[in-house]
Amino acid sequence: LLPLSCLLPASLQCIHVIRRVSVVVLSTHTVPTMPKKKASASESVNARLQLVMKSGKASLGYRQTLKHLRDGSAKLVIIASNTPTLRKSELEYYAMLSRKSSNTKVHLFAGNNNDLGTACGKLFSVGCLTVTDEGDSEIIRSLPQA
């Protein structure tokens, strides 16, 4: 029996050898490992939100947020990034008015309303929420003021 390389023309033998070498090179190539990321600000907000939902008091939704802002019991208002501009400005205005009686902070959440709902542990979207009692979490002191 003749070897297969004798039957092939010289140009195909070179291609065949090059392919073998490239396979060998690719198989010995090591992939560098990615360095571990530090916890980002949004991950810490999500973790603190979950703690608030378990140990503190929070109200979800636009109407409940307005009620708490009017009666002055709101300590923190979190608004999703895709909330309509008019509604967002209205919530910020009410928070500014209630800031005179109680120290109310407003935080603009980095994710959309689906992300905010997921961060609260709910299976539905949440446009805005009010924290009236932070419980074991230190979410009010840890967030930068908007």
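Biologist: What relative accessible area does Phe124 have?
Modeller: The figure for Phe124 is 47%, so the residue counts as partly exposed. Partly exposed sits between the two other classes: buried is under 20% relative accessible area and exposed is over 50%, with a 1.4 Å probe and protein chains only.

Biologist: Before I go on, what kind of model is this?
Modeller: The model is predicted: local features need pLDDT of at least 70, side-chain atom pairs count only at pLDDT 80 or more, and totals for chains, interfaces and linings use all residues. Residues are numbered from 1 along each chain as its sequence is written, and side-chain values use heavy atoms, with hydrogens and water left out.

Biologist: What is the mean pLDDT of the protein?
Modeller: The mean is 81, and 69% of the residues reach 70 or more. pLDDT is the predictor's confidence in each residue, on a scale from 0 to 100.

Biologist: Where does pLDDT stay under 50?
Modeller: One stretch is residues 14-19 and another is residues 21-29. The model has 0 contacts beyond four places in sequence for residues 14-19, and 0 for residues 21-29 as well. A contact means heavy atoms within 4.5 Å.

Biologist: Back to Phe124. Where does Phe124 lie, and which residues does Phe124 touch?
Modeller: Phe124 is in the loop between helix H6 (113-119) and E4. Not counting residues up to four places away in sequence, Phe124 touches Leu60 and Gly117. Asn113 is 11 residues from Phe124 in sequence, and their C-alpha atoms are 8.7 Å apart.

Biologist: How many helices and strands does the protein have?
Modeller: There are 7 helices and 4 strands, in the order α-α-α-β-α-β-α-β-α-β-α along the sequence. Both are DSSP runs numbered from the N terminus: helices are H or I with at least four residues, strands are E with at least two.

Biologist: Which residues are buried in helix H4?
Modeller: Thr65, Leu66, His68 and Leu69 are buried in H4, which covers residues 62-71. Those four span an arc of only 165° around the axis, so they are on the same side of H4. The arc is taken from the directions from the helix axis to the C-beta atoms.

Biologist: Why do residues three or four places apart point the same way in an α-helix?
Modeller: An α-helix has 3.6 residues a turn, so residues at that spacing point the same way.

Biologist: Which residues are exposed on the other side of H4?
Modeller: Arg63, Arg70 and Asp71.

Biologist: And what do the buried residues of H4 pack against?
Modeller: They pack against strand E1 (57-60), strand E2 (76-79), H5 and strand E4 (128-133).

Biologist: What follows H4?
Modeller: Gly72 does, with a positive phi near 80°.

Biologist: Take Val77 in E2. Which residues is Val77 in contact with?
Modeller: Leaving aside neighbours within four places, Val77 contacts Thr65, Leu69, Thr104, Lys105, Val106, His107 and Leu129. Val77 is buried, at 0% relative accessible area.

Biologist: Where is Leu49 found, and is Leu49 buried or exposed?
Modeller: Leu49 is in helix H3, residues 41-55, and is buried at 0% relative accessible area. Beyond four places in sequence, its contacts are Ile78, Phe109, Leu116, Ala119, Cys120, Leu129 and Ile139. Ser137 is 88 residues from Leu49 along the chain, yet their C-alpha atoms are separated by 7.9 Å.

Biologist: How many salt bridges does the count come to?
Modeller: The count is 1. Arg141 pairs with Glu134, the closest N and O atoms being 3.2 Å apart. The rule asks for a side-chain nitrogen of Lys or Arg within 4 Å of a carboxyl oxygen of Asp or Glu. Arg141 is exposed at 59% relative accessible area, whereas Glu134 counts as buried at 13%.

Biologist: Which residues form a nonpolar patch on the surface?
Modeller: Tyr93, Met96 and Leu97 do, with about 280 Å² of accessible area together. Patch residues have over 30% relative accessible area and no salt bridge; like charges are joined within 9 Å, and nonpolar side chains (Val, Leu, Ile, Met, Phe, Trp, Tyr) within 5 Å. Areas come from the Shrake-Rupley method with a 1.4 Å probe, and for residues only the protein chains shown count as cover. Leu97 belongs to helix H5, residues 85-98, and counts as partly exposed at 38%.

Biologist: Last one: what percentage of the residues count as buried?
Modeller: Of the 146 residues, 29%.
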